Amino acid sequence: MFSPSVDNLVNQLTRLPGVGSRTAQRLAFHILQRPKDEALALASALEEVKERVRFCRECGNLTEEEVCVICLDQRRDHTTICVVEQPVDVISLERTHEYRGLYHVLGGALSPLDGVEPSDLRIDELMRRVEQNDVREIVLATNPTMTGEATAAFLADRLRDRVRVTRLASGLPVGGDLEYADEVTLGRALSGRREM
Amino acid sequence: MRGRSYKTEAVVLRSLRFSEADRILHLYTLERGRVGAIAKGIRKTKSRFGARLEPLSHVELMLHEGSGELQTVTGVDLIHSHRVSREDPYRLNVGLIGLEAMLRLFGEPEANERAFTALTRFLDALDELPDGERTRPAEDALVLSFQLKLLWLSGYLPHLTSCIECGATDDLVGFSARAGGAVCRLHRAGSIGLTSEGMAGIEALLSTPLADAHAAGLGDRDRREALAVITTSYEEHGGFRMRTVSA
């Protein structure tokens, strides 16, 4: 509609998650209006990230080296591994400053309906880490969704005899009112209540 | 054209991550049959939907129908969460087979009250599934019975009381999905083997209420044969293979 190169840019931007054609058009015109060096800095950042960022050999987290800084950090507790679905979950858990162990990124969750099977996830790598290193606890931090729970149950079955397996607690969000909690979450909060 | 809102009972069949914090839901509704809807912001911890829209949930929904293909969830009340089934791996696997069968066989936005009732009864029975009677999930009597009933509701009910080719009532030795039922020794070419016990088992699973499917007392071989009949019927009439059965 505009010119082949603008159309191409709009098409490329539309491929990003959550970006529709209107947003893509707005972004494309914004890029066109900015100075050339600013637009090229974006292009070079995209190129650099694709060139340099890869998955950590140990945990599957994003890194620019072969092994990520978390796995290399000797001050962390190497006997505990927290299992998450995606690299973004590592960032969320790190923000808590409550956890000092290592991570293992599965790369998704089991979902028979979508054809995601154990062989599609980094489960064998996790088993290898447990066997080869002196791991004492696995913290299952997959999402509290149907697929996340199914993945946690599957892993717990395979790991239970070898190592201590724990699951993130689920219940009421801190700062929220009880009256707004949904029945399932409140039910789980009740069944997971603790002694005081 | 202005959109409109309506209230309906629904079961969540599938839930897919979409955009930053949304989910696309595949629903089977009482009023409209299969419906696709978007639940905006559901993945945020502050979402008012909470955990009410996970697969297997039986809910009452307020849906807004706009001009797009997907409707929008604007309100939800939980009728039955089926949490027991979601949190037990065996029950979950059995449940997922039932959900996939619904997804595959009832893909149209067309109300089918009997299919909806069968689905909710299947989920209720799944919660009550006895702990002791566990086999391979695909061969569970409850999900076999549910799928046979769905085949019947879809018009693909296999005819098993006589040979589909010649009408003979004795010496039935096989099942031909292409012909649509049991076949005698003379017409068994291209069929799968089916014993008289297997046929009786399928008849029992069809005629027994879902909640009593386990009480029908089918043996291992009978259940395997029932699964083979269902699988070949899907392949022949629907042109699909179930992912959850092979998983």
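Student: How much area do chain A and chain B bury between them, and what share of it is on carbon and sulfur atoms?
Tutor: This is a predicted model, where local features need pLDDT of at least 70, side-chain atom pairs count only at pLDDT 80 or more, and totals for chains, interfaces and linings use all residues. Residues are numbered from 1 along each chain as its sequence is written, chains are lettered from A and ligands numbered from 1 in the order in which they are written, and side-chain values use heavy atoms, with hydrogens and water left out. Buried area is the accessible area (1.4 Å probe) that two parts lose on being put together, summed over both. For chain A and chain B that comes to about 1900 Å², and the carbon and sulfur share is 63%.

Student: How many residues of each chain are in contact?
Tutor: Contact here means heavy atoms within 4.5 Å. Chain A brings 20 residues, and they meet residues of chain B numbering 25.

Student: Which residue of chain B forms a salt bridge with D114(A)?
Tutor: The rule asks for a side-chain nitrogen of Lys or Arg within 4 Å of a carboxyl oxygen of Asp or Glu, and it finds three such bridges across the interface of chain A and chain B. In the one with D114(A), the closest N and O atoms are 2.1 Å apart, and the partner is R14(B).

Student: Which helix of chain A gives the most to the side that touches chain B?
Tutor: Helices are DSSP runs (H or I, at least four residues), numbered from the N terminus. The elements giving two or more residues to that side are helix 7 (146-159) and helix 8 (183-191) of chain A. With six residues, the top contributor is helix 8.
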